Each structure stands twice: as C-alpha cells, then as structure tokens.
Amino acid sequence: EAQAALGESSMFFEELITESRHIEVQVLGDLHGNCVHLFERDCTVQLRRQKVIEFAPAPLLSDTVREKLHSAALRFAQSCGYQSAGTFEFLVSGERVVFIEANPRIQVEHTVTEEAVGVDIVQAQLLMASGLSLRELGLQQESLTVRSVAVQARITMSRAGQIGAYHEPTGRGIRVDSCCYSGYTPPLSYDPLLAKVIVSAPLHPLNGQSPFEQLRLRLRGALEDFHVGGSIQTNLMLLRGLLENETFRSHKVTTSFFDNYIAKQDTSSISENSRSQLLERSFSSVSALAEKTAARALGNDEDEAPEGHIWLRAPLQAQVVAVPAEANQSVNAGQELLVLQAMKMEHGLTVPEQGVIVEVRVKAGSIVEEGQNLILVKLGSSSNASLGGSGTTSKYSEEELNHIRPDLAEVMQRRLYTTDEGRTKYDEAFPGRVEQRRKQGQRTARENIEDLVDPGSFVEYARLLIAQQRRRRSLEDLLKRTPGDGLVAGVATVNSSQFGKARARTVVVSYDYTVLAGTQGMASHMKCDRMIEVASEQKLPMVWFCEGGGGRPGDTDLSGMHGAGLIAKLWLSMGRLSGLVPLVGVTSGYCFAGNAAVLGICDVIIATEGSNIGMGGPAMIEGGGLGVVRPEQVGPVAVQTTNGVIDILVKDEAAAVAMTKKYLSYFQGPLPSSESRCQDQRLLRKVVPENRMRVYDMRVLIETLVDVDSFLELRKSFGLSVITGLCRVGGKTLGIVANNPRHLGGAVDGDAALKAARFLKLCDAFGIPILSLCDTPGFMVGLQSEQDAAVRKVCNLFLTGSSLKVPHMTIITRKGYGLGAQGMAGGMLMGPNNAFCVSWPTGEFGPMGLEGAVQLGFSKELALAKEKGEEEYKKTYDTLLAKMYEHGKAINAAMTLELDEVIDPAESRQWILSVLDREPEEVPKEWVRRRPLVDAW
C-alpha cells in the first residue's frame, strides 16, 4: 500500500504489538457538544486486516479494560467536539490499551452494536444532524445499557460471477442486511461484501449454555441456512468451519488468528450441505445459464498467440469499462486499447508495439479474470508478453508536455491568488497596503521569506487555505483577500552554500500583516500546528515572522464549536518544541497578543526599530478598563530592549533577515578552520590595564579573542553587567558569558544573573560549548539588590551551571571574588563541569573584594591605627591591602591548585581550541533533547 500510494515501501513503526485484540468503541455526538458511547465491539477476527466476524459486547474483557476503552473514546470525542456517529479503535493486549485511529463515519459493523444495545444508529445520526440533542433522543449515558449479546458475520465474494439460487436465513434473533438476489452479478468496483448476518442472544445463560455459546449455535444455524449459488463463490463454507474451531469458541483469538487458520485449511473436501444442494438443483436453469455466460466471458485462456501476435491479458480480476479498440484497427505503440475497473480504480491496457487488432473477446460491462485473454494483436515482431496497466507509454510532443489540463489550471489560478503578483492583480487594496509598508521601511511576508531562504528552495505548505468566514463573505472574496488565512509557511534551506542542504533545512512561518492585520485565525492555527509537527518530527529549526494583531474574533465557520476558543494548541506545541530545535522569532511593526506569545516562546527575538510588542493591543487594553492608548505606545523597543524581551535590535527587515541567517549559522555546524581568521592575539596582552583600578572594554577583548566578525551579542541592553553572545573560534561555535567591568565594576546583579543563566541553558540545549570570561567583584549587594530579589535571581547561575552537559571553560581576566566568581565559573572554579579554569597574569582572587576583606577582616588593626591619625590609618590600610593582593595573585592561586594554569593572554585561543577540537566535527543528523526547554526569561 505504501509503495502504491507514495512510491516508497519503507515503513516506520511507532511500536509493534504482535498479539492483540482489535476492540472499537461506538460513539454518538450531537451538535450541542454532548457525546455518549454505545459500548464496545470485538473486531479481532480479520482476514488480511479486513474484519470478518464482530462481537458486541467484547467477550472476556476485564472491567478495568472495558472502562479504559469507554473513557478514552469519550475523552477523544469530547476534546474535538465530535458530531454524528463515529468509532474509536484500539488494540488490547492483556490489560494494556493502545489507540489506533478514529473513523468519523458509520461503519459496516455498526449493525452488531445496534442489536446489542437496541439503538438505531443511522436514525440517531440523521436526527442529530437535524438539530436534536442526545437528551431529546433519550440517549443519555446513564440510560444506555447492553440488552443482549450479538455477533455479525460478513458474507463476501471470493470469486466473481453471477448469483444463481439465493436464500437468506430467517427466524428470531436473526437479521440479514444484503442487496443480493438471484441473477445478480456483483460489481468488482468496490467491496466484495455480499451480506451481513447479525445474530443476537439473551444476556443470561440458557440450558447450561453461556450467552456467547448460544450466540455461536444460532449463527451456525443461520449460516447453514444461507445459500448463494451460481458461478459466484463465497466464504460461507469457510465461516461454517470457523465456528467449530476451539480457539474461536474460547474467544482466545488475536488479529493474526484467522490468517493462520486459513493457511491450515484444506477446503478440497468441504462440500455444501444437503439443503444448499437441493436449492442449487431447483435453480438449475439459472445456474446453468450463469455458468454458460461465465464460460463464454472467460474464453479459452489456453489459446497461445500465433507467431508475430500478442494477447493483451487482464492483469487482475476486474470489470471492463471501455473497449475503444475493434477488429482490423491499426494501433500505435503505447496506445490504450481497453480500460478495466477494480475497487473503483481504472487500469488502462496498452500495446507495446504498433500493429493490427485481430480479435476482441470482451465488451464493456464484462467481468474478466486475472490472466484472461482479452485482445489479440498482430505485431511487427513476435511477442507474447502479458501486459498490465503499467505498460509502455508513447512519447509526448513538446506541445503536449506544456499543455495545462483544467484541473491543474484551477490549482495554478488558486495559487496565483496567494502570490504578491496575483494579489496586486486581484485584490485592489493590496497595492495600497504594500505602499504603506514601504513608507515604514517594511516588506511583504513573501519578500522577507525570499530574502531569508536559498533561491528556489522554499516548499510551501497549505497555501490554499482561506479565512474561515464563509458564513459572512463570499468564496471569491475570501480567495482574493485572505490567501493562506494570513500565514505563509513551508520548508526551505538557509545557508546551504556554507553548511550543505541537510544542515540548512529550516521551517519558516510568517504571519502576513497585509491579510487581516496578520491576525490568527482558525485555519492559520491549524497550519501552524502542521508546521510544528513537521519541525518536531524532522528535527528542523523554525523561524517565525510574528508581526500581527493576535487572535481574530471574526471567524464564523466554527461548525458547532462553542465557548471561548481556548483549545488552540499552538502555544502548548511551541512550548514542547522549545529546547528540541532552535526557535527564532522576528518582528517588525505591531506584534500583539497571540502573535506576541509565539514570539515570546522563541529562543531569540530579533526586532526592528519602530516595533511594538505587547501581550495585549490597544483594544484589549481599553476593553480591560486600562485606558485608551495608541498602538505605538504599547511595548516600544525602548522598553522591550532594556527589560530583556528583545535579544537583538536591528534597523529594518532586511537587517533582521540578515541577522536571522547569522544566528541560524551557529546551529548549523562548523566553518572550515582555513576560513577562520582572528586578530593578532598579542593584542590581548594590552587589553587589561596594569593599573588594577582602571576599567577596560570587555567587548574589545571578546572581538580580539574570537574569529573576526563572528561575535553576535544577545540582550545587549539588559543585565548590563554581563555580556552574552555567540561566536566562533577556529570556525567552531562557542557561547560566551563575560562580566562587563564598565557597569557596576562587573558585579552580577539579579537581571545579569537571569540573563547569563538563560543563555547557558540555550547553549546547553543545542550542544554549544561555553566560555566564561570572569572579571567580577562578586554578586551585587545592597538594599536595592535585596529588594530586587537577588537571593533567588543570582542563584540561577548555580542551578544552571550544575546541570550543564556541554563543556564549560573559564578564563579569569582580572577579578575572581566570592560567590559571583563561582557562579561565573559554573558553580566553582575547579568544578568537575569545568573543562579548564585558567587565569591571565592580571587575575586576583579572594573570598570577597579585597577592600571589603581588609575592612572586615582587620577592623581592630584599622581602629587602632585610626586613633593615631589619618596618615597612620592610610598607611596601615594600604599595607594590609597590598598583602592581600599579593596573596590573591593568580600566580599564587595556581600554586595551590585553585587554577589549572596561569596563561599568557595570547595563549587563550589555544586553550579554547584544545576543548573545541575534541567536539565532533559533524553536527548530529538531527537534534536531540538535552534540556526540557529553554526558559522564556
């Protein structure tokens, strides 16, 4: 089936359950949100996965399993607002229940449930469709019971032909659903089902026989009384034998039972019972006529084609639909001479070479057997091959290849509506919207995507969606003005020229502000869900362009759904995706409510100048009684950069796309070391001043240390005492956390700790090694710091550092004091999670800042000195400070193994590469989850 449908026979198994029962639960759902179940039925007896015999209720189920089945089916139905009749199917193995699928329709086996429960399911389905509730139909769960046991046997055609003598069983507790009659020739175009025999029996034992044993005996009698004669063949005798099988009688069957049973049967000695033989003889004339007709239709299959001729033979049992060929007709190679139909599919038979038709043995409407001779053709050379529907085809002319069929033309027209070119032509308002965006320095959604992805690589999904507003707008209007329901999405490659196509594959989703202000509709939610599934299953990064106004209240095609619409799974699915694949959020213009929630879940937020980001737009703010505001007042970039919401601020959308490509590159693999360049590393010796009281620029240090133009800083305007960003060293990706001596002297305050901890989690989630450049006097203290919850915030560094799985490296460039230094080093300087901890010669260490340590540790000495005057006090203080500085110098700390080494600053890259070179050169073929998620904060 997979090969025929997809051209690929590979199968992917979630789980293999070899010995199980197939149990399904019948449900009904009305238009008012109510659902009930009509108990379960056992469909385990199957032939090649096609059901043969069904029981209701299922025999030998424990109460626990039965309750699991019923409650699971109801939960499924209620969660999706299910309407009408439907079936939820499960595998049961012991006490274990595994969901298979849901069938949203009436099924063949519904009749066995009708007999067991006493509910006309078809009638209920029609009445619910008219608007009646389950309560009005008297179908409430507490009033529904199993009234009897029932079994259904399917009578199927095993060989095509015409029905001769025909007799159905009758009697109490026997029901037959069929359309057969004497002289009827069942078509081959669909299911071979001829009839259903449904038998019911009381729930209580009778004459020492259990309910299911009574059922078996009644079914045996009904099948013995059922006769289908003529040239047709059925499974009746097989079913009669099955009823006597001990495994079947004990109900210890699994889904493989009947296939194994069939393989062991010898049907050559099985004959019809005497009643059937009598019926057949009494209908001999019809039977003889049927046999004669069948023989005439079959022809002589033993005919050999004369030399230079070929028989076109039937590749399968089928019905002839059309015979465009006739005797003495000249035919070309590849020409179609006959059309067969089986299971609603047509099969064309073609001739391999040019020739002349000699004989046509069938006509439209004939039933043919596999291998039957159909058309004799005299060829230019001798051949006697059996041709099927996949015969050779003639070559097409250039004109024929370029011809656009009507069905394709319709699709191409619909797709044109979704393009910027088509919208300019068909939507008179679109050019004005584009012009307005141009004035604001913005582009269309498709222009941004085209700029982001590699040329020709974008494969778009679900572009034919429209807004779900057909109850209030015409289809033509929706097609032209709501293409894609305001969402453009697909899969493409980004940066493939650098990293290859496999690493470059990316899911791209963009809300389209020119369609209903980029708001989120029902259809766009479904499209988002689909793209998240693609990203999750294929482990692909996602880029989200999130400009838009949030949820859309104007969608009307809710099909019976009621309530607040709080069952959209977009944000839950996004949350589950966090930490599994990189998520990049980009915004320009207004991004409010639901759109902002998508943006906020992303690992990184890239925003343009002039953007506004808010969990509620002006309408929501006003509706909440919080005043009347303009959109540009809500969450401007001046606010959202300093509070840490925005990671990267850029000038315009072109810059945002360029930054997105750069950010993604760090997750796509290493660059060749031959392409990496760095500044003269001796410059690092000059970055940190010899005067320990003089500040310096940590960003200059970073730019000098890493590959040229490779440092990308994140959240630059937030948590200013710490610098975080991605870079490359030797072409390999590296995350950097560094203290900023220019703010608070590098002291780590609460915001800086949160910023650093979240960045560590981001790197750890995607296997990026981390370098800490430490120059801190410790954690920030003071009344304001405690008011800002420093105790909780700064401890994030310890919690995160202790859970890191990627290599962590620490270089102390100057100050390494107290708990702050330990936090910067992942928990402790020489901790097991530190690949190395080294210092530059300018490093200085202590349990706290030296000045404070002198004041606190030598308070008595300083008090005595102060009694002798200020000059003595200063002299004593300076002497004590010098001693502590000398004691805490890096070179002395290394003597007691508090450091791995004191290094020449110019050697820093060598140390870093000693760790990075141990990391695999190849990026894993797919992402694996290393952390539960990447925190939003």
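A salt bridge is counted where a side-chain nitrogen of Lys or Arg lies within 4 Å of a carboxyl oxygen of Asp or Glu. The exercises below apply to a predicted model.

**Exercise 1.** Determine whether the side chains of Glu447 and Arg438 meet in a salt bridge, and state how exposed each residue is.

*Solution.* The N to O distance for Glu447 and Arg438 is 2.7 Å, and the cut-off is 4 Å, so the two side chains meet in a salt bridge. Glu447 has a relative accessible area of 24% and is partly exposed, and Arg438, at 38% relative accessibility, also counts as partly exposed.

**Exercise 2.** Describe the setting of the salt bridge between Glu460 and Arg446.

*Solution.* The side chains of this pair meet at 2.8 Å, N to O. Glu460 belongs to strand S20 (residues 459–460) and Arg446 to helix H15, 14 residues apart, so that the pair links distant parts of the chain. Both Glu460 and Arg446 are buried. In helix H15 (residues 445–452), the buried residues are Ala445, Arg446, Asn448, Ile449 and Leu452. These cover an arc of only 160° around the axis, which places them on the same side of H15.

**Exercise 3.** Work out which strands stand at the edges of the open sheet of 4 strands.

*Solution.* The strand order is S16-S15-S13-S18, with antiparallel pairing. Strand S16 (345–350) and strand S18 (367–368) each have a single partner strand and therefore stand at the edges, one side of each being left without a neighbour in the sheet. Strand S15 (residues 336–342) is joined to S16 by 6 bridges, and Ala342 stands opposite Met345 in S16.

Definitions and conventions:
Residues are numbered from 1 along each chain as its sequence is written. This is a predicted model: local features need pLDDT of at least 70, side-chain atom pairs count only at pLDDT 80 or more; totals for chains, interfaces and linings use all residues. Side-chain values use heavy atoms; hydrogens and water are left out. Buried means under 20% relative accessible area, exposed over 50%, partly exposed in between (1.4 Å probe, protein chains only). Helices (H or I, at least four residues) and strands (E, at least two) are DSSP runs, numbered from the N terminus. The arc is that of the directions from the helix axis to the C-beta atoms. Two strands pair if DSSP finds at least two bridges between them.
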